[in-house]
Amino acid sequence: MKRSVFLGTVAAAGLVAGYAGAGTLDDVKARDQLICGVNIGLTGFGAPDANGNYQGFDVALCKALAAAILKDANKVKYVGTSGETRFTALASGEVDVLIRNSTWTYSRDTDLKFDFAAVNYYDGQGFMVKKELGVSSAKELNGATICIQTGTTTELNLADYFKGNNMTYTPVTIQDDAEGQRQYVAGGCDAYTTDASGLAAIRATLPDRDNHIILPEIVSKEPLGPLVRHGDNNWGDIVRWTFYALVAAEEYGVTSANVEETASSTQNPEVKRLLGVEGDLGAMMGLDKDWAKRAIAASGNYGEIFEANIGAATPIGLARGLNAQWTQGGLLYAPPFR
Amino acid sequence: MALASEQTRDAFRLSMLVYDTRFRSWTIQIVVLVLVALAFSWLVHNLVTNLAAKGKDIDFGFLWTRAGYDINQRLVAYTNDSTHARALLIGLLNTLLVASIGCALATILGVVVGILRLSRNWLIGRLMTVYVEVFRNIPVLLWILLVYVILTEVTPPPNAFKVVEGKEPLARMWLDGSVAVTNRGTNIPEPLFSRSLGNIDLGIFLVSLDLLAIIAVLAGSFFLNRLVVRAAAVRQEATGIRPATWWKSVLIWVLPVVALLYALGFHLAYPVFKGFNFQGGIQVLHSFTALLIALTIYTGAFIAEAVRAGVQAISRGQTEAAYALGLPAGRTMRLVILPQALRVIIPPLISQYLNLTKNTSLAIAVSYMDLRGTLGGITLNQTGRELEAMLLLMGIYLVISLIISSVMNIYNNAVRLKER
């Protein structure tokens with residue numbers, strides 16, 4: 001009896017609070033700043049450059065979002081989050097959106113009450129070892145000591161992989177990439193495991209990068225993507241479609257350099273709708289007509305962002321692989337803009 | 001008289017709640033109580049509202065689901081198929097292990113340093129002052145990290161011990177090939193029993209019967225030894241001559257245990273380098289060693305100050321009286337000064353024990369999987385139950401602290417000055 005009264009009060013209070021709390025878009029507009037949760041320091045994805053400004057593949061999406069919503073790609077406040085603090089930061093409202101190499105999993109989507117807006121990088125977990133160890137396959141790692149970052153899916157995948165292959169290992173649970181890198185370099189562990197993209201990024205920063213190899217086995221699916229709090233669907237739509245605008249832009253050949261010119265000259269009705277020349281798609285989610293145009297102009301389309309931050313020409317040197325357009329044999333597939 | 005009785009019959013006025021000293025203290029207390037209750041209910045309401053807004057509830061059911069992660073230091077059986085509650089237990093035991101050994105070592109170090117600081121030898125006194133001031137004025141987290149980095153950076157990697165044909169290995173094991181210090185941990189021999197008595201299953205964990213047997217024999221030796229010492233004391237009372245008991249004590253302590261170990265088939269399994277790491281033996285992780293050393297020397301500095309204060313609180317006359325009776329300096333300290341100083345030392349010592357125990361939660365900085373690392377770290381993150389995990393964590397630390405406090409208080413009551 002008492003319990004049901006209590007729960008009723010909770011529910012009523014929840015309804016009121018839920019109503020008042022909806023509208024991250026309004027909050028962002030009122031603040032005139034987007035608060036973006038990013039990696040504390042993973043070169044290529046989200047890390048401060050020499051001048052202290054955050055740069056990277058994930059950061060570029062923050063900029064595109066700020067450009068789409070606030071008309072200025074620089075109106076972003078970056079909050080560095082560790083693997084351990086990131087979800088609390090998002091759930092508590094400390095950040096508006098979390099774009100931090102976070103794997104889309106069932107329980108994070110449902111139990112943790114988040115919504116993954118899209119997948120901006122299709123990744124998989126790999127292992128990095130020193131060449132002198134003489135290991136060429138993850139299957140030879142039986143008995144090894146392995147560094148893992150706490151609070152990540154890799155922790156669970158690692159346990160599953162070794163169990164599945166009837167092997168044992170000693171985990172060294174570290175708090176962030178920087179400490180993991182120190183331990184790995186100092187020889188505190190034989191192998192370092194995280195998403196293959198993260199390994200490539202870490203390897204790129206090592207002074208003797210040629211002495212380290214990333215083993216060929218990819219032991220898990222790690223779809224990384226931006227996520228928002230569950231329940232604010234409009235805000236989720238904005239993050240999702242801003243990302244797809246960048247993907248579609250690459251598909252149709254719209255780049256940061258030619259976006260203005262394309263908008264005036266294009267004959268493709270889909271591109272016209274995307275760039276706000278025809279119809280008013282932006283209004284459907286509370287933005288203006290030119291939102292996608294500004295998002296693309298901020299750091300370029302998906303392909304440009306990829307090549308500038310983590311592509312073959314950068315020290316990280318990742319191939320497009322699964323992250324190519326569907327027309328190129330990859331998995332990137334933007335739903336139609338109509 | 002008449003005036004006073006008239007005053008008590010005065011009608012109660014509201015202003016008396018503030019101006020009348022008979023009511024004022026009540027008024028203040030009630031107002032404060034209401035304010036505290038309001039603040040508390042506001043906090044709880046805030047929490048409940050925000051949880052409901054996020055669609056979250058308070059549910060401890062996650063404790064019984066599969067944990068799915070591995071832990072490198074396990075005092076009792078655990079695999080990644082165990083539950084989160086089991087992982088909590090592993091973390092709790094790791095916390096208690098480092099806290100209990102830390103408290104013991106810090107006490108020994110603190111007592112020695114505290115007494116040496118009073119030494120009339122200028123060099124020793126100053127050295128101890130430097131130790132105390134350096135260690136207690138720098139945050140313990142920095143000491144933990146420093147010790148850990150030193151341990152991991154100056155020691156050789158495990159594969160330096162690899163024996164290759166015709167080549168001298170880069171590093172050698174110590175103590176006749178039984179101990180190897182690598183940059184991951186210290187590998188020491190493991191005691192094994194070839195005619196083991198087996199284990200009893202307590203439901204939560206297994207208890208080794210061999211260990212119980214050894215403890216029982218040691219306890220027997222302890223009581224036997226006490227009898228011998230008492231008999232010697234009685235003899236001394238009667239005749240004034242104390243018979244030599246040391247050889248009896250040694251026999252009583254050593255013989256039964258050696259006999260038992262022989263009966264159980266005691267032998268040591270040496271760690272051997274195989275594959276990536278040392279196999280066999282016990283690996284004492286550097287994260288544990290670093291945490292233990294740092295907490296010991298940090299808390300030891302505080303305890304040293306408490307001991308010094310306690311010793312200095314005993315009047316000089318006690319020492320002089322002891323000297324006058326012909327007691328040497330060491331015995332004066334052990335038999336006269338320290339027992340009296342304990343009364344002053346114990347209360348601050350309790351809070352140092354509590355501090356040390358709570359400081360073990362810094363373990364995650366060196367990847368030591370204590371309670372904060374398992375329940376407050378990995379479990380919290382994998383299940384997303386921040387509130388529940390934090391409440392549990394706070395509750396457990398509170399209970400540990402209260403237990404330490406009450407045990408030490410019982411001891412304090414036993415040694416304190418009894419007034420008759």
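This is a predicted model: local features need pLDDT of at least 70, side-chain atom pairs count only at pLDDT 80 or more; totals for chains, interfaces and linings use all residues.
**View 1. Chain B against chain A.**
The contact joins 40 residues of chain B to 45 residues of chain A. The two chains bury about 3300 Å² between them. Carbon and sulfur atoms give 49% of that area. Three residues of chain B stand out: Phe276(B), Asn381(B) and Gln382(B). They supply 20% of the area that chain B buries against chain A, more than any other three residues. The size of an interface is often given as the accessible area lost when the parts come together.

**View 2. Polar contacts and the helices of chain B.**
Between chain B and chain A, 17 residue pairs are in polar contact, counting pairs with both residues at pLDDT 80 or more. On chain B, the helices α3 (21–53), α6 (140–154) and α12 (371–383) each supply at least two residues of the side that touches chain A. The largest share comes from α12(B), with seven residues. By class, this side of chain B has 13 nonpolar residues, 17 polar residues and ten charged residues.

**View 3. Salt bridges between the chains.**
Five salt bridges link chain B and chain A. Over all chains, the structure holds 23. In one bridge, Lys163(A) pairs with Asp81(B). Their closest N and O atoms are 2.3 Å apart. Lys163(A) sits in helix α6 (residues 153–164) of chain A. Its partner Asp81(B) lies in the loop between α3 and α4 (84–116) of chain B. Another salt bridge brings together the side chains of Arg66(B) and Asp160(A). Here the N to O distance is 3.8 Å.

**View 4. A nonpolar surface patch on chain B.**
The patch covers about 1100 Å².

**View 5. The helices behind the patch.**
Which helices of chain B each supply at least two residues of the nonpolar patch? They are α7 (209–239) and α8 (246–264). Helix α8(B) gives the most, with eight residues.

How values were computed:
Residues are numbered from 1 along each chain as its sequence is written. Chains are lettered from A and ligands numbered from 1 in the order in which they are written. Side-chain values use heavy atoms; hydrogens and water are left out. Contact means heavy atoms within 4.5 Å. Buried area is the accessible area (1.4 Å probe) that two parts lose on being put together, summed over both. A salt bridge is a side-chain nitrogen of Lys or Arg within 4 Å of a carboxyl oxygen of Asp or Glu. A polar contact is a pair of N or O atoms within 3.5 Å; within protein, one must be able to donate a hydrogen and the other to accept it, and residues adjacent in sequence count only if both atoms are side-chain atoms. Helices (H or I, at least four residues) and strands (E, at least two) are DSSP runs, numbered from the N terminus. Ala, Val, Leu, Ile, Met, Phe, Trp, Tyr, Cys and Pro count as nonpolar, Asp, Glu, Lys and Arg as charged, and the others, Gly among them, as polar. Patches are made of residues with over 30% relative accessible area and no salt bridge: like charges are joined within 9 Å, nonpolar side chains (Val, Leu, Ile, Met, Phe, Trp, Tyr) within 5 Å. Accessible areas come from the Shrake-Rupley method with a 1.4 Å probe; for residues, only the protein chains shown count as cover.
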